[in-house]
Amino acid sequence: MTVLEQPGAYRPTPPPGWQPRVDAAPLLPDAEPYRLLGTAAAADISPDLLIRLHRELVRGRRYNTQATALTRQGRLAVYPSSTGQEACQVAAGLVLEDRDWLFPSYRDTLAAVVRGLDPVDALTLLRGDWHSGYDPHTHRVAPLCTPLATQLPHAVGLAHAARLKGDDVVALALVGDGGTSEGDFHEALNFAAVWHAPVVFLVQNNGFAISVPLAKQTAAPSLAHKAVGYGMPGRLVDGNDAAAVHEVLAEAVRRARAGGGPTLVEAVTYRIEAHTNADDATRYRPDSEVEAWRAHDPIALLEEAMRDRHLLDDEGARAARESAERLAADLRTRMHQDPVLDPMALFEHVYADRTSQLREQAAQLRAELDAEAADAGKGE
């Protein structure tokens with residue numbers, strides 16, 4: 001006999017008046033990813049928005065290919081390409097106001113560039129430098145986050161603090177499908193919902209957490225369904241439909257700014273390139289799968305819709321490519337310039353006041369550098 005089977009044992013059944021705290025129905029995502037391009041609703045999309053999205057998508061694709069080439073040339077230590085995911089990156093970079101904050105993962109350098117960050121500064125961390133390469137407060141872009149999902153609680157904390165201060169600020173946090181398996185993801189969503197924080201979570205579901213497919217990470221109907229368990233809306237969107245991603249994110253940002261609380265958006269997309277330059281994707285996915293997703297390319301989808309509305313012709317497409325080439329050329333030139341490094345900077349920003357050990361180590365390094373300089377002077 002178990003404890004619960006004993007006479008008079010406590011049985012945790014709800015009282016007769018129990019009701020759900022929140023009606024789950026409005027929080028549920030659509031059964032299929034939301035789309036705009038190729039539907040009747042596409043005719044209502046602002047022409048200016050489509051032109052801007054196209055320009056940034058083309059520049060973003062070229063940015064990805066150039067950064068990948070720089071990695072092969074030894075100018076970057078690593079580069080996690082977002083080729084194929086540019087629609088998510090571009091939309092995330094465009095929907096925020098200047099006062100808002102973007103919290104990127106390591107794969108989201110393009111989103112930071114679209115937001116206005118210098119492309120070289122966006123790649124500085126991946127170059128092996130000791131800091132993020134830019135002032136997060138100036139650009140309202142948090143440092144690129146390599147540990148999975150740890151940027152999400154940071155975004156919630158900033159958004160909650162802004163709300164307490166009365167600041168009209170929204171935080172947009174980006175994460176991959178692999179990051180949703182981390183505890184930080186669940187903690188961030190729970191705090192965001194309980195605190196009613198003005199934060200938007202964008203999950204870029206690109207199919208794989210390095211080599212682990214989504215089916216081996218979760219049994220949920222979709223990642224967007226996870227929102228319901230925390231009491232926030234979940235939205236499911238075609239991540240290769242730039243206009244749809246922009247609309248869904250813009251709506252979530254407006255809702256957060258108006259006091260409606262957080263939203264979880266899952267954008268279904270695909271990582272065309274390998275996880276990083278150190279990964280061999282052919283070991284865990286067939287080429288046929290990649291080719292099938294190439295047929296759903298975000299640039300091709302947008303260009304087809306724009307040509308149907310006479311918003312893009314061959315000359316306009318060429319102008320977009322030329323703009324992208326100028327970006328790539330500038331990036332290539334500046335990234336081939338060797339950085340000037342100061343070894344003593346190793347001791348900066350460790351503690352507000354250096355410990356005795358750090359002072360001792362700094363003095364030792366300074367002595368070694370002075371000795372090397374003196375020896376080099378004698379050789380001349």
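## Annotated span and overall build

The end C-alpha atoms of residues 66–334 are 12 Å apart, and this span is 45% helix and 12% strand. Helices (H or I, at least four residues) and strands (E, at least two) are DSSP runs numbered from the N terminus. The UniProt record, an unreviewed entry, places the feature "domain: Dehydrogenase E1 component" at residues 66–334. UniProt positions follow the numbering used here, feature names are shortened, and annotations may be inferred rather than shown by experiment.

The model is predicted: local features need pLDDT of at least 70, side-chain atom pairs count only at pLDDT 80 or more, and totals for chains, interfaces and linings use all residues. Residues are numbered from 1 along each chain as its sequence is written, and side-chain values use heavy atoms, with hydrogens and water left out. The protein has 12 helices and 7 strands. Its C-alpha atoms fill a box of roughly 90 × 65 × 50 Å, taken along the principal axes. Of the 380 residues, 46% count as buried; buried means under 20% relative accessible area, exposed over 50%, and partly exposed in between (1.4 Å probe, protein chains only).

Strand 1 (residues 101–103) pairs with strand 2 (residues 171–176) in the parallel sense over 3 bridges. Two strands count as paired if DSSP finds at least two bridges between them. Phe-103 has Ala-173 of strand 2 as its bridge partner. Strand 2 is mostly covered, with 5 of its 6 residues buried.

Strand 2 also runs parallel to strand 3 (residues 199–205), and 6 bridges join the two. A crossover is right-handed if, with the strands pointing away from the viewer, the path from the first strand over the helix to the second runs clockwise.

Strand 3 is joined by 6 bridges to strand 7 (residues 263–268), and the two run parallel. Gln-204 has Ala-267 of strand 7 as its bridge partner.

Strand 6 (residues 234–238) is likewise largely enclosed by the rest of the structure, because 5 of its 5 residues are buried. Gly-234, Leu-236 and Asp-238 point one way from strand 6, and Arg-235 and Val-237 the other way. Strand 6 pairs with strand 7 in the parallel sense over 5 bridges, and the bridge partner of Arg-235 in strand 7 is Val-265. Together with helix 8 (residues 242–257), strands 6 and 7 make a right-handed β-α-β unit.

Rolling a probe the size of a water molecule over the atoms shows where empty space is left. The structure holds 1 cavity of 30 Å³ or more. On a 1 Å grid over the protein atoms alone, a cavity is a set of points where a 1.4 Å probe fits but cannot get out, and lining residues have an atom within 4 Å of a point. Grid points are joined across faces, edges and corners, and a volume is the space filled by probe spheres set on the points.

About 40 Å³ of space lies in the largest cavity. Its lining consists of Gly-84, Asn-240, Tyr-270, Ile-272, Trp-293, Arg-294, Asp-297 and Pro-298. These lining residues divide into 4 nonpolar, 2 polar and 2 charged. Ala, Val, Leu, Ile, Met, Phe, Trp, Tyr, Cys and Pro count as nonpolar, Asp, Glu, Lys and Arg as charged, and the others, Gly among them, as polar.

## Individual residues

Most residues other than glycine have a negative phi. Phi of His-196 is near 60°, a positive value. His-196 sits in the loop between helix 7 and strand 3 and is partly exposed, with a relative accessible area of 34%. Phi of His-349 is also positive, near 60°. His-349 lies in the loop between helix 11 (314–335) and helix 12 (356–379) and is exposed, with a relative accessible area of 68%.

Thr-138 belongs to helix 5 (residues 136–139). Its relative accessible area is 55%, so Thr-138 is exposed. Thr-138 and Leu-110 are 28 residues apart along the chain, and their C-alpha atoms are separated by 18 Å.

Notes
1 Å grid on protein atoms, 1.4 Å probe; cavity = no way out; pocket = protein on both sides within 12 Å on 5 of 7 lines; lining within 4 Å.
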